[in-house]
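Subject: Structure handover and notes

Dear colleague,

Please find the structure below, followed by my notes on what was found in it. I would be glad if you could read the two side by side.

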Amino acid sequence: MNVKHQWSAFCIMLASLFMFNLQSQEKPNVVIIVMDNLGWGEIGAYGGGILRGAETPRLDTLAKEGMQLLNFNVEPQCTPSRSALMTGRHPIRSGTTKVVWGLPYGLVGWEKTMAELFSDQGYATAMYGKWHLGDMKERYPTDQGFDEWYGIANTTDESQYTSQPGYDPAVVSPPQIVQSKRGKAPAEVKEYNVTSRRTIDEELTNKSIDFMKRQVKEDKPFFLYLPYTLAHLPTLPNPKFEGKSGNGTWADVLMEIDHNTGRILDAIDDLKVRENTIVIWMSENGPEEAPNWFGTAGYWRGFYFTALEGSLRTPCLIRWPGKIPEGKKTNAMVHMTDVMPSLAEAVGYKVPSDRIIDGVNQMPLLKGETNESAREGFPVYNGDEMFAYKWRNFKIHYYDQQSMFDKPVKHNFPRVHDLIRDPKELYGIHGGNEDTGAQNLTWVLPAITHEVLKFQETLQKEPPIKLGTPEPYKPKN
């Protein structure tokens, strides 16, 4: 090869490297912050804040810097919600329909997680916090797309084990905070107890900031998944926030939640990647109902482990400077399964086509290109049973369950609620005479029944994975 050809090849190589770097820089970073059991009515932007004993200035500002979703819907329990977020699939399909203890559970290795999709696009991926999607080989975060993980495999309830009367470590091992790298077995760091429970969210924040710094230094796009442990019971504040609100433990925790989010936002600004970073802040469940730890769903009614709106609707804030309009609120319906396909448009990964994906692309709504949701409704499973179906402004309940401690009772005739007129689901219409002032909604029954039957057909087409399915799993079809 002569000098001219060598120089030409060298220029082409440089141009290719430049384009690769340019493309990597153009890929937006994504930070998803998930609160645990924080109700719709807790932070100021949703009517809480000072009314709950502590202002939430950082979160309220975040709400003004992007879009605030008023009709963001999750699943009634922790494991199902996290499964829906990671896969874009309803948990009934994945065998992740409920929280269990002491038996194999979680996302089978065959499931394709959001972290895997990001990783396929060259992103650095990290998770710091609560997983709750499996505590066995092939089901840990670092088996399913995350480069690194620090946190807990299961739930924060476990932090109370070692201080409970009669606890026997020979029968139930002390819960652990763990860490791991991709493909490696988690290594125990320290015991997860009521002491370390108070400081873990600060640790998660520190590690998240360190991760972002490392990736920015290496000029690599990153996906940070930060599922905090607050406000799950035991709802205990960091000692730095103990008594700080002057309004009790819950308000102290609210201050801590706001502070931690603020630290992440400040780090993004300090690293000068604000304009190219999508920040999604949400809660994955409705509020706690347990005595001493109960929260509030604000405008709605109910707690998690039910099919009431207070269980399903949670706060969700999304910021993407220059792409998502500032200070906009929407009551358009968005479901947790929509996050994964919506980010596909922004990031460039492809949504899996070899399985049913329930989520839809809501990016046009988020960008302000439309005021309409890309979905009309979704089934509400509580465990393995469909408790309700939400469609447009209506909700049909097949079971009566007012509290997570109640035994569900199947309605003899489904109850229909108009969520605009009856937001607290107190006055369901189930047929009868058109009395003066009454609202007859029986027309909604065949409309929603049609949607239910369509969904059930998909469960026949692709049979659900059963809870407790061992590894390795491969679908028959």
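Ser311 is buried, with a relative accessible area of 0%, where buried means under 20% relative accessible area, exposed over 50% and partly exposed in between, with a 1.4 Å probe and protein chains only. Before going further, please note that this is a predicted model, in which local features need pLDDT of at least 70 and side-chain atom pairs count only at pLDDT 80 or more, while totals for chains, interfaces and linings use all residues. Residues are numbered from 1 along each chain as its sequence is written, and side-chain values use heavy atoms, with hydrogens and water left out.

Ser311 belongs to helix α8 (residues 309-312); helices (H or I, at least four residues) and strands (E, at least two) are DSSP runs numbered from the N terminus. Its side chain reaches the backbone oxygen of Thr306 at 2.8 Å, a polar contact being a pair of N or O atoms within 3.5 Å, of which, within protein, one must be able to donate a hydrogen and the other to accept it, and residues adjacent in sequence count only if both atoms are side-chain atoms. Leaving aside neighbours within four places in sequence, the residues in contact with Ser311 include Val74, Pro76, Asn285 and Tyr304, contact meaning heavy atoms within 4.5 Å.

Tyr389 lies in strand β14 (residues 385-391) and is likewise buried, with a relative accessible area of 5%. Not counting residues up to four places away in sequence, Tyr389 touches, among others, Phe378, Pro379, Lys395 and Glu451.

Helix α6 (residues 194-217) has 24 residues and spans 36 Å from its first C-alpha to its last, close to the 34 Å expected at 1.5 Å a residue, the expected span being 1.5 Å times one less than the number of residues. A side-chain oxygen of Asn193, at the start of α6, comes to within 3.0 Å of the backbone nitrogen of Thr195. Just after α6, Asp219 takes a positive phi of about 55°.

Lastly, there are two cavities of 30 Å³ or more, a cavity being a set of points, on a 1 Å grid over the protein atoms alone, where a 1.4 Å probe fits but cannot get out, with lining residues having an atom within 4 Å of a point. Grid points are joined across faces, edges and corners, and a volume is the space filled by probe spheres set on the points; the largest cavity holds about 120 Å³. Of its 14 lining residues, Ile280, Ile318, Val339, Ser342 and Leu366 lie nearest its centre.

Best regards

Technical notes:
On a 1 Å grid over the protein atoms alone, a cavity is a set of points where a 1.4 Å probe fits but cannot get out, and a pocket is an open set with protein on both sides within 12 Å along at least five of seven lines; lining residues have an atom within 4 Å of a point.
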